[in-house]
Amino acid sequence: MDGGPTPAPCPARREAYPVNGAFKVRGGKLVSVEVEASDGVITSAHVFGDFFLEPDEALEDIDAAIVGLPVKASAQQITESITSRLAARHGDVEMIGFDADAVAIAVRRALGNATSWDDHEFDVIGPVTMAPIMHVALDEVLPHEVAAGRRRPLLRIWDWDSPLVVIGSYQSVKNEIDPEGAAEHGIGVVRRITGGGAMFMEAGNCLTYSLVVPSSLVEGLSFEQSYAYLDDWVMGALAEIGVRARYVPLNDIASDKGKIGGAAQRRFADGVVLHHVTMSYDIDADKMGEVLRVGREKLSDKGTRSANKRVDPMRSQTGMTREAIIDSFLDYFRGKYATHDSAYTEDELGKARHLVETKFGTEEWTQRVP
């Protein structure tokens, strides 16, 4: 891990005008804006891009709707100003390949209130084998490290050497887990800090990564939009290894042959977002069905219809080892963004161990939703 200072999660406020911001609509067009401001108020705005708009003169009204707003106007305020002016002036307006939300995000980025991937440098931590409960704990430790400026935003890969079911923060233990099946296979249960469904984890059976980013990166995006936005990079990484993947709202990644994995997210009050994804590599379907009460239903949306099969979308579709897929993912991320190879610090690991002892390893936490 290099010893350079860690930048703050959000860049400093921009004072020199004009300033420019841009937002690429997922599956749509690029929206850009040039903004000027004085005394805390936007005095000039020019929106442009490769989108389509009817009627043509609505573009001037979009610009006019931005002028006069405070430089700290929220994305919602900007969106409402644009939509209300367009409705009053034109009635029906066709915004093709973009919308008022996209314009609002571009404006917020121009003014330094929201950020893009290119505004940040990322730490990258490759797989380190440890008890899976430690990775659960690190997902609470690392967001606070990023928020405090002790670490850059980061991407990290989990790796583990023992079995565990990691249930969502709001799931019922007795509804999810068959205690006899779990005991027979020696598989414990831990509750994580994000919502979503159960993760059936044995050594080498799936691929899990965590992203910790500043909230400014998803500024103006709904929860649904932010899930897809934060995983756009992995869609490209999957394409590189021959998997045609798509996002299925709210939080599933699927291919033509069925579900590959799912995401979960937590937004912290101190200005960071934890986003993590688990993708099936090669899961023992029979065992999962015996440990998880809803195992058979989970298998059905992964393309497995009968017993004595494995859930193996990543292995069967790529023919690659799990390690090779991880290496490919990391190379793709490094090639797309500004990154620094990093490692866990002893302080971070110490904090994670403390949380294992005082929170994640306790019955009180695990059984908080019995």
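## Helices α1 and α2

In this predicted model, helix α1 crosses helix α2 in a right-handed sense. Helix α1 covers residues 58-66 and helix α2 covers residues 75-90. Their axes come within 9 Å and cross at roughly 135 degrees. That angle makes α1 oblique to α2.

Which residues of α1 and α2 meet? From α1 they are A58, D61, I62, A64, A65 and I66, and from α2 they are S81, I82, R85, L86, R89 and H90. Sorted by class, this contact of α1 with α2 has seven nonpolar, two polar and three charged residues. Spacing along a helix matters when reading such lists. An α-helix has 3.6 residues a turn, so residues three or four places apart point the same way.

## Helices α2 and α3

Helix α2 also packs against helix α3, at an angle of about 130 degrees and with the axes 8 Å apart. This makes α2 oblique to α3. The crossing of α2 past α3 is right-handed.

On the α2 side, the contact is made by A75, I78, T79, I82 and T83. On the α3 side, A100, D101, V103, A104, V107 and R108 take part. By class, the contact of α2 with α3 has seven nonpolar, two polar and two charged residues. Residue I82 of α2 is listed in the contact with α1 and in the contact with α3.

Is helix α3 largely enclosed or largely open? Of the 11 residues of α3 (residues 100-110), 10 are buried, so the helix is largely enclosed by the rest of the structure. The buried residues are A100, A102, V103, A104, I105, A106, V107, R108, R109 and A110.

At the start of α3, a side-chain oxygen of D99 comes to within 3.2 Å of the backbone nitrogen of D101. After the helix comes G112, which has a positive phi, near 80 degrees.

## Helices α4 and α13

Another pair of packed helices is α4 (residues 132-147) and α13 (residues 346-360). Their axes lie 8 Å apart, at an angle of about 120 degrees. The two helices are therefore oblique to each other, and their crossing is right-handed.

The residues of α4 in this contact are I133, M134, V136, A137, L138, E140, V141, L142 and E145. Those of α13 are D347, E348, L349, K351, A352, R353, L355, V356, K359 and F360. By class, the contact of α4 with α13 has 12 nonpolar, no polar and seven charged residues.

## A buried threonine

T194 is in the loop between β9 (188-191) and β10 (199-201). Is T194 buried or exposed? Its relative accessible area is 1%, and because buried means under 20%, T194 counts as buried.

Leaving aside residues up to four places away in sequence, T194 touches G168, S169, A264, Q265, R266, L274 and H276. With one of these, H276, the side chain of T194 makes a polar contact of 2.7 Å.

## Backbone exceptions

Most residues other than glycine have a negative phi, and most peptide bonds are trans. What is the phi of D39? It is near 55 degrees, a positive value in a residue other than glycine. D39 is placed in the loop between β2 (30-38) and β3 (41-49). With a relative accessibility of 78%, D39 counts as exposed.

Where are cis peptide bonds found? One runs from Y17 to P18, with omega near 0 degrees, and P18 lies in the segment before β1 (19-24). Another runs from P249 to L250, with omega near 5 degrees. L250 lies in the loop between β12 (245-248) and β13 (252-255).

E240 belongs to helix α8 (residues 232-240). At a relative accessibility of 60%, E240 counts as exposed. How far apart in space are E240 and F329, C-alpha to C-alpha? The distance is 8.8 Å, while in sequence E240 and F329 are 89 residues apart.

Notes: Residues numbered from 1 in each chain as written. Predicted model: local features only at pLDDT ≥ 70, side-chain atom pairs only at ≥ 80, totals over all residues. Heavy atoms only, no water. Helix = DSSP H or I, 4+ residues; strand = E, 2+ residues; numbered from the N terminus. Buried < 20%, exposed > 50% of the residue type's maximum accessible area, 1.4 Å probe, protein only. Polar contact = N/O pair within 3.5 Å; in protein donor to acceptor, adjacent residues only side chain to side chain. Contact = heavy atoms within 4.5 Å. Axes fitted to C-alpha atoms, helices over the stretch in contact; angles between N-to-C directions. Parallel < 35°, antiparallel > 145°, perpendicular 65-115°, else oblique. Left-handed = near helix turned anticlockwise from the far one by under 90°. Nonpolar A, V, L, I, M, F, W, Y, C, P; charged D, E, K, R; others polar.
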